[in-house]
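Here is a friendly walk through one model, from helix pairs to charged contacts. Please keep the structure open as you read.

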Amino acid sequence: MKIHEYQSKNILKEHGIKIPRGLTAFSESEALSLVKEIGYPCVIKAQIHAGGRGKGGGIAIAQDYSEATEFIKKTINKPLVTHQTGPEGKVVNRLLIEEAIDIKQELYVSILLDRSEELPLIMASTEGGVEIEQVAEEHPEKIVKEFIDPGFGPQAYQLRRLAFNLGLKGKAFKQALNYFLKLYYTFVETDAKLIENNPLVITEDEEIIALDAKIKFDDNALYKHQDFLELRDTTEEDPDELKASEFNLNYIKLDGEVGCMVNGAGLAMATMDIIKHYGAEPANFLDVGGIASSETVANGFKVLLSHPNLKSVLINIFGGIVRCDRVASGIVKAIKNLDVDVPVVIRLKGTNAEKASEILEQSELDFSVARNLEEATKMAVSAAR
């Protein structure tokens with residue numbers, strides 16, 4: 001789950017990390033009032049779940065009320081387009097207004113779970129304010145890394161090595177050690193997938209402040225953090241993915257044309273791979289889970305059919321715990337009750353697969369049944385073309 005910058009900063013502040021003094025506005029009138037309270041110069045930042053706000057015109061430094069008013073009026077409740085939003089942009093429904101900070105140096109710092117090493121990883125760079133992907137491509141030598149053993153936590157020598165490799169000295173060096181430690185325990189205690197400060201700045205007074213902040217939570221751990229659910233902004237989420245979450249479906253929208261309905265994440269990934277292998281692109285990732293009841297299948301169809309690029313649907317179910325005949329009944333019921341106007345290809349294998357074939361044949365509905373995954377994929381790709 002993603003949250004806004006101002007929400008991320010509040011969490012960092014609760015864990016002892018310094019942030020700029022700031023207030024959040026949810027309307028034009030509130031923003032115009034708050035800029036007076038913060039004072040000038042102030043920084044006004046559009047709050048959306050996307051990067052590239054600065055380049056997209058979503059961040060401004062206002063020297064006086066006139067400049068603040070001009071930016072607020074052209075930003076609040078207007079779409080902001082960045083390289084991460086797509087051409088349609090994201091509507092800005094809140095603004096963060098902060099005090100301006102005298103910056104001596106900008107750094108990049110993040111902590112995330114490195115899946116290859118199966119350890120938390122702290123990454124840092126002197127190239128603050130620049131996207132880390134660009135730094136990795138152009139100046140990989142400027143990225144320093146420390147893997148943290150969660151059984152022991154960050155060791156003093158690791159924190160010193162990070163600060164030393166960033167070229168820090170004196171007061172800033174000591175503050176960095178404290179910051180890295182607090183960042184790690186914020187990551188652990190909130191069950192985050194990612195915490196990123198870009199930039200993390202050193203002021204003229206050698207203070208370390210998180211000038212920007214991004215936090216992504218592990219959805220599987222949110223049951224332990226009910227208060228975090230209140231931070232969710234559903235207006236920032238894809239409508240189809242939001243609908244799928246209401247049905248308890250694991251769904252991710254993609255740009256392809258062949259819709260996938262599969263039980264099990266591994267089989268879903270394999271199905272997407274074979275669709276690409278035969279020359280098409282998957283329209284989604286959809287794991288209907290181990291139950292795959294009639295209602296689950298029907299809800300899956302509702303989500304799939306809302307995709308604007310959908311040209312065919314491939315249903316690939318392996319019956320282990322789930323019975324194929326139950327899935328087949330769900331498919332028949334869904335196609336009868338919904339306006340399915342694209343070709344549907346079905347491949348069912350496993351428990352009660354023979355019975356499932358009988359149900360599909362007796363339905364006399366307009367879909368294709370394949371004997372194996374290769375045949376099913378070729379049929380779905382051909383239908384999409």
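Which handedness does the crossing of α2 and α3 have? The crossing of α2 and α3 is right-handed, where right-handed means that the near helix is turned clockwise from the far one by less than a right angle, and left-handed that it is turned anticlockwise.

Before going further, a word on the basis: this is a predicted model, in which local features need pLDDT of at least 70, side-chain atom pairs count only at pLDDT 80 or more, and totals for chains, interfaces and linings use all residues. Residues are numbered from 1 along each chain as its sequence is written, and side-chain values use heavy atoms, with hydrogens and water left out.

**The chain as a whole**

The protein chain has 13 helices and 18 strands; these are DSSP runs numbered from the N terminus, helices being H or I with at least four residues and strands E with at least two. Its C-alpha trace spans about 80 × 50 × 40 Å along the principal axes. Of its 385 residues, 50% count as buried (under 20% relative accessible area with a 1.4 Å probe, protein chains only; exposed is over 50%, partly exposed in between). Among contacts (heavy atoms within 4.5 Å) with a separation of 6 or more, 68% come from residues 24 or more positions apart.

**Two helix pairs**

Back to α2 (residues 28-38) and α3 (residues 65-75): they pack at an angle of about 155 degrees, with axes 10 Å apart. Axes here are lines fitted to C-alpha atoms, for helices over the stretch in contact, and angles run from 0 to 180 degrees between N-to-C directions. The two helices are therefore roughly antiparallel (over 145 degrees; under 35 is roughly parallel, 65 to 115 roughly perpendicular, the rest oblique). On the α2 side, Glu28, Ala31, Leu32, Val35 and Lys36 take part, meeting Tyr65, Ala68, Thr69, Ile72 and Lys73 of α3. By class, this contact has 6 nonpolar, 1 polar and 3 charged residues (Ala, Val, Leu, Ile, Met, Phe, Trp, Tyr, Cys and Pro count as nonpolar, Asp, Glu, Lys and Arg as charged, the others, Gly among them, as polar).

Now look at α11 (residues 324-337) and α12 (residues 353-363), whose axes lie 7 Å apart at an angle of about 20 degrees. That angle makes α11 roughly parallel to α12. Their crossing is right-handed. Residues in the contact include Ala328 and Val332 of α11 and Ile359 and Leu360 of α12. The contact of α11 with α12 divides into 7 nonpolar, 2 polar and 2 charged residues.

**Salt bridges**

The structure holds 23 salt bridges, each a side-chain nitrogen of Lys or Arg within 4 Å of a carboxyl oxygen of Asp or Glu. Three of them are listed here.

| Salt bridge | N to O distance |
|---|---|
| Glu207 and Lys18 | 2.2 Å |
| Glu206 and Lys104 | 2.6 Å |
| Asp240 and Lys253 | 3.2 Å |

Glu207 sits in the loop between β10 (192-203) and β11 (208-210) and Lys18 in the loop between α1 (5-14) and β1 (22-25), so the pair ties together parts 189 residues apart in sequence. Lys18 is partly exposed, at 40% relative accessibility.

Glu206 is buried, with a relative accessible area of 18%.

Asp240 is buried at 7% relative accessible area, whereas Lys253 is partly exposed at 27%.

Finally, Glu5, Lys9, Lys45, Arg53, Glu98 and Asp212 are linked in a network of salt bridges.
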